[in-house]
Amino acid sequence: MTEIKFRAWDKITKKMYKVSSIHIEDEYVDLFEKNIYEGEFKRKFSEIVLMQYTGLKDKKGVEIYEGDIVFYNSHVNLTFYIGYEHAVFYAHHTLGRKYMTPIPIGTLCLSGKIEVIGNKFDNPELLEGDV
């Protein structure tokens, strides 16, 4: 069974946090940086960007989340942005959708050749096109 986890980009502090709980009815999340028992705080849905864990890891064992940017090291080196559409996590080439059809992320992970190199918030310079 896939582990269901989230992280959130805090629009206020401009930092990425782990999510301990999501309160749907009250429209807020509990966030923490390193330890759930120290420094946990709340943010409204409007103050964050919520991203889900894909259930997959890169070649170094790093968890891959929606919003991550991954490098595919093959005979052709490519950079992909991880998105979520139609209930599937996809890898979009960073040159934009007009250049390449989105690929289900599991296909790339099976190759054992992808590595998380950043995310769209901490490393926007890695996105070359309109993703």
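Are Arg7 and Asp68 buried or exposed? In this predicted model, Arg7 is buried, and Asp68 is buried as well.

**View 1. Salt bridge between Arg7 and Asp68.** The closest N and O atoms of Arg7 and Asp68 are 2.6 Å apart. This pair links distant parts of the chain, with Arg7 in strand 1 (residues 6-10) and Asp68 in strand 7, 61 residues apart. The structure holds six salt bridges.

**View 2. Salt bridge between Arg43 and Asp10.** The N to O distance between these side chains is 2.8 Å. Arg43 belongs to strand 4 (residues 41-44) and Asp10 to strand 1, so that distant parts of the chain, 33 residues apart, are linked. Arg43 has a relative accessible area of 15% and is therefore buried; Asp10, at 0% relative accessibility, also counts as buried.

**View 3. Salt bridge between Glu115 and Lys60.** The two side chains meet at 2.9 Å, N to O. Because Glu115 lies in strand 11 and Lys60 in the loop between strand 5 (48-57) and strand 6 (63-65), the pair ties together parts that are 55 residues apart in sequence. Lys60 counts as exposed, at 60% relative accessibility.

**View 4. The largest nonpolar core, with 13 residues.** Phe80, Ile105, Leu108 and Ile114 have the most contacts inside this core. At least two of its residues come from each of strand 7 (68-72), strand 8 (78-85), strand 9 (88-93), helix 1 (105-111) and strand 11 (114-119). Apart from this core lies another, of six residues, including Ala8, Tyr17, Val29 and Ile48.

**View 5. Surroundings of Ile105.** Beyond its neighbours within four places in sequence, Ile105 is in contact with Leu56, Ile82, Phe89, Tyr90, Ala91 and Ile114.

Note on methods: Residues are numbered from 1 along each chain as its sequence is written. This is a predicted model: local features need pLDDT of at least 70, side-chain atom pairs count only at pLDDT 80 or more; totals for chains, interfaces and linings use all residues. Side-chain values use heavy atoms; hydrogens and water are left out. A nonpolar core is a set of buried Ala, Val, Leu, Ile, Met, Phe, Trp, Tyr and Cys residues joined through side-chain atoms within 4.5 Å. Buried means under 20% relative accessible area, exposed over 50%, partly exposed in between (1.4 Å probe, protein chains only). Helices (H or I, at least four residues) and strands (E, at least two) are DSSP runs, numbered from the N terminus. Contact means heavy atoms within 4.5 Å. A salt bridge is a side-chain nitrogen of Lys or Arg within 4 Å of a carboxyl oxygen of Asp or Glu.
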